[in-house]
Amino acid sequence: MAIAAAPPLKLSPYLDPQQQPRLQTEFNPIKRVPFLSSRNPLLCVCKLHRYNFKCCLPSSSSTNSVTPAQYYSFLDESYRGSRVLTNEELEKLKALESFVYLQELESGSLWVRVMRIEEMDMTVGLLALSFAESMLMSLQYEALLRFFVKQYLIERRASMPHAVTLVGFYREEGGKRGEELAGTVEVCFDKRGANASPPTPTPPRNSPYICNMTVTKELRRRGIGWHLLKASEELISQMTSSKEIYLHCRMIDEAPFNMYIKAGYNVIQTDSIFILLTLQRRKHLMCKKLPVSNSFPEPDMSESGF
């Protein structure tokens, strides 16, 4: 659901790093925003360290739930819109409020949770820089990218609990730099959270889908991208009974492709060569079936390219 004060916009084509940029805007008060629908190729593939992690969801027997000081209510946000939530949606929204993924890395600590409203601007900045870099755009377009990315995030936020933006925060060992935004990733859980205009090859609309992942440039090669993917899968396993997860990977992105293969994803369809006529890069649609107990192999850093 779009915010009344911010009419939906259409970017032609999508703000998608898999396409060549033609920055033309079309204001449309009816259609939903279709851009930013595919994953960002700047996924950082790094070493998985064998430490325990916690995935916190509301449970009467859970010992990993967040403290009252960490609790945050999405129901209080003006960005949520006026849509009336069902009881099932309310329960899922509470689960999202409490979700925390913790991981100790060699160089510091990482925790991943749902983006809060006061973190939207910094997330917008990270995504805008990432898309500008991946599309080889001049930084003079950053302000324009920020505008469209923020409109997109506002709309996607209104679709919770059917889709969500996760953010990862990193603290270097010793704490000299303090907490800093390390990365972000978007997760869609079902057809109500699916983007109106998904990229090709088209994934099933009612299946979980991971996209728009990026890691802060200065923090790459630390295992953050790998754990953003792992946190996304962990949340999906808690939020939906569907065990098939989909994502896209450009054919030219060899390092992310190798990482996805190691994580258990398989290619199920590839764009036709004729997609090049539309100035798009050819993409693989990849799928992974989550096991009952989700475990990740250790990635080979020598092949990751990050």
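P161 sits in the loop between α3 and β5, and the peptide bond that joins M160 to P161 is cis, with omega near 10 degrees. The model is a predicted one, in which local features need pLDDT of at least 70 and side-chain atom pairs count only at pLDDT 80 or more, while totals for chains, interfaces and linings use all residues. Residues are numbered from 1 along each chain as its sequence is written, and side-chain values use heavy atoms, with hydrogens and water left out. The protein contains 6 helices and 10 strands; helices (H or I, at least four residues) and strands (E, at least two) are DSSP runs, numbered from the N terminus.

**Overall burial and contacts**

- Of the 306 residues in the protein, 55% are buried; buried means under 20% relative accessible area, exposed over 50%, and partly exposed in between (1.4 Å probe, protein chains only).
- Among contacts (heavy atoms within 4.5 Å) between residues at least 6 apart in sequence, 73% join residues at least 24 apart.

**Helix α2**

- Helix α2 (residues 120-134) has 15 residues, which at 1.5 Å a residue should span 21 Å, and its end C-alpha atoms are 21 Å apart, in agreement; the expected span is 1.5 Å times one less than the number of residues.
- In α2, 11 of the 15 residues are buried, among them M120, L126, L127, F131 and S134.
- The cover over these buried residues of α2 includes α3 (142-158), β5 (163-172), β6 and β7.

**Helix α5**

- The buried residues in helix α5 (residues 254-263) are A255, P256, M259, Y260 and A263.
- Seen down the axis of α5, these buried residues fall within an arc of 135 degrees, so they line one face of the helix; the arc is that of the directions from the helix axis to the C-beta atoms.
- G264 follows α5 and has a positive phi, near 105 degrees.

- The whole structure holds 6 cavities of 30 Å³ or more; a cavity is a set of points, on a 1 Å grid over the protein atoms alone, where a 1.4 Å probe fits but cannot get out.
- The largest cavity holds about 100 Å³ of space, a volume being the space filled by probe spheres set on the points, which are joined across faces, edges and corners.
- Its lining has 11 residues (each with an atom within 4 Å of a point), and A194, N195, P198, P203 and Y209 lie nearest the centre of the cavity.
- This lining divides into 6 nonpolar, 4 polar and 1 charged residues; Ala, Val, Leu, Ile, Met, Phe, Trp, Tyr, Cys and Pro count as nonpolar, Asp, Glu, Lys and Arg as charged, and the others, Gly among them, as polar.
- P203 belongs to the loop between β6 (179-188) and β7 (209-215) and is buried, with a relative accessible area of 8%.
- Leaving aside residues up to four places away in sequence, P203 touches P198, Y209, Y246, H248 and L285.
- P203 and H248 are 45 residues apart along the chain, with their C-alpha atoms separated by 8.9 Å.

**Backbone exceptions in loops**

- Most residues other than glycine have a negative phi, and most peptide bonds are trans.
- The peptide bond from T200 to P201 is cis, with omega near -10 degrees, and P201 is found in the loop between β6 and β7.
- R221 has a positive phi near 70 degrees, lies in the loop between β7 and α4 (224-239), and is exposed, with a relative accessible area of 59%.
- L279 has a positive phi near 65 degrees and is placed in the loop between β9 (266-270) and β10 (283-289).

Notes: 1 Å grid on protein atoms, 1.4 Å probe; cavity = no way out; pocket = protein on both sides within 12 Å on 5 of 7 lines; lining within 4 Å.
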